[in-house]
Amino acid sequence: VSQQTNWVPTSVDLEKPSAARIYDYVLGGNHNFAVDRGLADRLLQMQPELRHTAITNRAFLRRAVLFMLENGIRQFLDLGSGIPTVGNVHEIAQQTDPEARVVYVDYEHVAVAHSQLLLDGNPRAAMVQADITRPKGVLGHTDTQRILDFSQPIGLLAVTIGHYIRPDQDPNAVFAAYRDALAPGSFLALTHVTYDFQILKTDAVDEVTQNSQNDIVPRTKAEISEFFGDFELVEPGLATPSTWRPETDDLNALDSEKDVMYAGVARKG
Ligand SMILES: C[S@@+](CC[C@H](N)C(=O)[O-])C[C@H]1O[C@@H](n2cnc3c(N)ncnc32)[C@H](O)[C@@H]1O
């Protein structure tokens, strides 16, 4: 890193790339370091579809949040929210309703520092620094409890996060703990990488797992479906980021053969 700026916290690990900063770089953001760009460039060579993946994932997040807003949701819990970029959840939500409330959760220092700067002075949104695989810490956090009302429906966002949960961290139990904390009428939106479409390359997955702070665990449709528990998938069911309720003029939907993730939204009955 040639230049330290005020968004770089002293505790950040500058030696090892992080998923948060790689994703920021692929989306065209500035909150990443040379190590992140190096790994991201290698990844994009191995798997050029990753740029499409990042862009369509972010667009899915936006459509999922708007869908939830249309269905009355006014509070959101965003797991693995990442480095703020175009279209953050509180911006989308508070445009519809200035009273909407959002809790962001991430453990990556740059994501946390930059989110805290952005949210400074916003009483209805907070950044919680926590490991999402420990739901008790997230759900019981003072900021979560202060901002979210668990007696009312919540929009739970697990967008590009499930595949960072290793099998030994028991992803089914992690998702169940969050689902159980929600009131009826709540929604869960998630995206998750998979080998099912035979696009994702094992080399690219291994590259991230071996050389970054995050492991990637692709899963099958059946495994990913389990994360929704008994929530009911809304139409069109478990699709992909570019094919889940695309906007009519969305050119990325034409490139859906590049998708490496499942995407879906489900409702708690
Ligand atoms: C690819 S980014 C996704 C950002 C955003 N959700 C989106 O889809 O646009 C994934 C984020 O998950 C975070 N993350 C991964 N594992 C995590 C964990 N166990 N606890 C908290 N955050 C985690 C990473 O730090 C990163 O910021």
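Mentor: We'll go from the overall fold to the core, then the cavity and the pockets.
Mentor: This is a predicted model, where local features need pLDDT of at least 70, side-chain atom pairs count only at pLDDT 80 or more, and totals for chains, interfaces and linings use all residues. Residues are numbered from 1 along each chain as its sequence is written, and side-chain values use heavy atoms, with hydrogens and water left out.

Trainee: How many helices and strands does the protein chain have?
Mentor: There are 10 helices and seven strands. These are DSSP runs, numbered from the N terminus: helices are H or I, at least four residues, and strands are E, at least two.

Trainee: Why is it as compact as a globular protein of that length?
Mentor: Its radius of gyration is 17 Å, close to the 18 Å that the globule rule gives for 269 residues, so the chain is as compact as a globular protein of that length. The radius is taken over C-alpha atoms, and the rule is 2.2 Å times the number of residues to the power 0.38. The C-alpha trace spans about 45 × 40 × 40 Å along its principal axes.

Trainee: What percentage of the residues is buried?
Mentor: Buried residues make up 55% of the 269. Buried means under 20% relative accessible area, exposed over 50%, partly exposed in between (1.4 Å probe, protein chains only).

Trainee: Which residues have the most contacts inside the largest nonpolar core?
Mentor: Leu77, Leu79, Val105, Tyr178, Leu188 and Leu190, in a core of 31 residues. A nonpolar core is a set of buried Ala, Val, Leu, Ile, Met, Phe, Trp, Tyr and Cys residues joined through side-chain atoms within 4.5 Å.

Trainee: And which element gives the most to this core?
Mentor: Helix 8, with three residues. The elements giving two or more also include strand 1 (75–79), strand 5 (187–193) and strand 7 (261–267).

Trainee: What is leucine 190 in contact with?
Mentor: Leaving aside neighbours within four places in sequence, its contacts include Phe60, Phe175, Ile224, Phe228 and Tyr262. Contact means heavy atoms within 4.5 Å.

Trainee: New topic. How many cavities of 30 Å³ or more?
Mentor: One. On a 1 Å grid over the protein atoms alone, a cavity is a set of points where a 1.4 Å probe fits but cannot get out; a pocket is an open set with protein on both sides within 12 Å along at least five of seven lines; lining residues have an atom within 4 Å of a point. Grid points are joined across faces, edges and corners, and a volume is the space filled by probe spheres set on the points.

Trainee: What lines the largest cavity?
Mentor: It has 15 lining residues, with Ser81, Pro84, Asn88, Tyr104 and Ser115 nearest its centre. Helix 5 gives the largest share, three residues.

Trainee: And the largest pocket, how much space?
Mentor: About 850 Å³. Of its 44 lining residues, Ala19, Ala20, Thr160, His163 and Tyr164 are closest to its centre. Helix 3 gives the most, six residues.

Trainee: What about the second largest pocket?
Mentor: About 310 Å³ of space lies there. Ile55, Arg58, Ala59, Arg62 and Asn252 lie nearest its centre, out of 16 lining residues. Helix 3 gives the most to this lining, with seven residues.
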